[in-house]
Amino acid sequence: MRVAVVGGGISGLTAAHRLRVLLGPTAEITVVEQSDRLGGKIKTAELAGRRFDVGAEAYLVRRPEVSALLDELGLADGVAHPTGARSTVRAGGVTRHIPGRHVMGVPADPAALTDLLTPEGLARVAAEPDLPPLTLDGDTALGPLLRTRFGDELPERLVDPLLGGVYAGGVDALGLRATLPAIASALDAGATSLTEAAARSLPTPTGQPVFGTLRDGLGTLVDRLAESATVRLGVPVRELARTATGWRLTLGANAPAHQPPDPVLDVDAVVLAVPAPAARKLLDGVVPVASAAYGRVEVASMAVVAFALPEGTELPGTSGVLLGTAERRLDGTPFAVKAFTFSASKWTHLGGESVIVRGSVGRFGDPGALKADDAELTRLVRADLIELTGVAAPPIDTAVTRWGGGLPQYGPGHTDLVAEVERAIAAEPGLAVAGATLHGVGIPACVATGTAAAHRIATHLHDRRAG
């Protein structure tokens, strides 16, 4: 049995690993990745001699997928959790603690927002349960809904910064059902206000850490998963086509034009685990309905600028700070960053020695500082750090990592779009899709899509062999 996995991010690598388990040691499983490295949005780099994640830095412990995978791979002993330092948000020109009792900024208890909003803003939020009952008809844009029910302050000061940190997108362009599914479900079940929906959706406290990571970097997980397959790096897939017995991938190397024609890879089944633009291109003419749906997904770019500051540099003592699109510097210009993570304060294993800080840059539709070269981007991010925290120590090492066009935007109607993709793919034997475009951008959600894709392919191959 021969399977190709297109895309070497966490979704594709999970699919490859799970296929190895399901199909056994004799299956030929090939991961084809167009870039020169595996991991996708997971990247562990070296900063001042220390391993440090410059992409995704953590996973949600509440979801079981990553913890179970780490246990299976023998990596659970390397798990680390945050220190308990509180997170903050820049709101109205002041850095404030992020309040509790909310679901991605939608409050279950308006009183928790006292230190975040003005008296007028707080009054708007407190009055929301008394507005006419809210009912959903399909999906809706999140920002306009929140502004209608709560006014402008809550979405701008809390929801937008939180969602910007997850999706690199603004509150007004994202859809309710894909970004806040628990809120939507509560409204569907009879909640008559957003406040009531949030109260119904609050997770039950467990006393356990919310996030986890690996002390040696999440790249350790990437490396372990890659052992399950043959990996071909620097090899883009030019075309996907059906054959009489399965699928053919036309491959192209990033090489001069005078080299021989593109080789092909003939396989029994394919998992596509690539960003939406690549999926649209490969499925065009093969599964046109799915291709068209992928084509409606917009993507954002971002960058991470990581600093190693001298040992002994004092940080604010919080885990970091989020910024909404409305926040401005003292001179009235926009901040370059959308967030800082004070990694040395957030994670116990990153304390001591050099003091590590990372700034995140980039929002959908607003390239802003991303247009600058690495040197200028570093200068802008460092200037933001100085203004926000007063920390002016010169870095002893810096790393700039850019992520171009790979962060999907979950706009209104996204859940219907994904259902359209999956219905169309379900009609194609031996083909499966995975990735952050589908059911969540976090690592657990990506692992889940890779696992589901592998089970679909394994079932198809076993049934074909049995028949």
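"Buried" here means under 20% relative accessible area, "exposed" means over 50%, and "partly exposed" lies in between, with a 1.4 Å probe and protein chains only. The model is predicted, so local features need pLDDT of at least 70 and side-chain atom pairs count only at pLDDT 80 or more, while totals for chains, interfaces and linings use all residues. Residues are numbered from 1 along each chain as its sequence is written, and side-chain values use heavy atoms, leaving out hydrogens and water.

**Legend 1. The whole protein chain, before we zoom in.**
Let us begin with the overall picture. The protein chain holds 16 helices and 22 strands; helices (H or I, at least four residues) and strands (E, at least two) are DSSP runs numbered from the N terminus. The radius of gyration, taken over C-alpha atoms, is 23 Å, close to the 23 Å of the globule rule for 467 residues, so the chain is as compact as a globular protein of that length. That rule is 2.2 Å times the number of residues to the power 0.38. Along the principal axes, the C-alpha atoms fill a box of roughly 70 × 55 × 45 Å. Of the 467 residues, 52% are buried. The chain exposes about 19600 Å², and carbon and sulfur atoms supply 52% of that area, as found by the Shrake-Rupley method with a 1.4 Å probe. A contact means heavy atoms within 4.5 Å. Among contacts between residues at least 6 apart in sequence, 72% join residues at least 24 apart.

**Legend 2. His 414 in helix H14.**
Look for His 414 in helix H14, which covers residues 414-426. Is His 414 buried or exposed? At 3% relative accessibility, His 414 counts as buried. Leaving aside neighbours within four places in sequence, His 414 is in contact with Asp 139, Ala 178, Val 297, Gln 409, Thr 437 and Leu 438.

**Legend 3. Leu 75 in a loop.**
Leu 75 sits in the loop between helix H2 (65-73) and strand E6 (79-80). With 9% relative accessibility, Leu 75 counts as buried. Which residues does Leu 75 touch, not counting those up to four places away in sequence? They are Leu 70, Leu 214, Thr 220, Leu 221 and Arg 224. Now find Ser 343: it lies 268 residues from Leu 75 along the chain, and their C-alpha atoms are separated by 22 Å.

**Legend 4. The two sides of helix H3.**
Helix H3 spans residues 119-126, and Gly 121, Leu 122 and Val 125 are buried in it. The arc is that of the directions from the helix axis to the C-beta atoms. On the other side of H3, Pro 119 and Glu 120 are exposed. The buried residues of H3 pack against E10, helix H4 (142-150), helix H5 (153-167) and H8.

**Legend 5. Helix H7 and its packing partners.**
In helix H7 (residues 181-188), the buried residues are Ile 183, Ala 184, Ala 186 and Leu 187. They cover an arc of only 160 degrees around the axis, which puts them on the same side of H7. Their packing partners are strand E9 (102-103), strand E10 (106-107), helix H6 (176-179) and helix H8 (194-201). Gly 190 follows H7 and has a positive phi, near 120 degrees.

**Legend 6. An open sheet of three strands.**
The strand order in this open sheet is E13-E14-E15, with antiparallel pairing. Its edge strands, E13 (237-242) and E15 (264-267), each pair on one side only. Neighbouring strands are turned by 20 degrees against each other on average, direction ignored. The axes behind such angles are lines fitted to C-alpha atoms, for helices over the stretch in contact, and angles run from 0 to 180 degrees between N-to-C directions. Strands of a sheet pair through backbone hydrogen bonds.

**Legend 7. Strand E14 between its partners.**
Two strands pair if DSSP finds at least two bridges between them. How many bridges link E13 and E14? Their antiparallel pairing runs over five bridges, and a hairpin joins E13 to E14 through four residues. Arg 248 in E14 is the bridge partner of Ala 241. Four bridges join E14 (residues 247-251) to E15, and these strands also run antiparallel. Facing E15, Trp 247 stands opposite Val 267, and Thr 250 stands opposite Val 264. Four of the five residues of E14 are buried, so this strand is largely enclosed by the rest of the structure.
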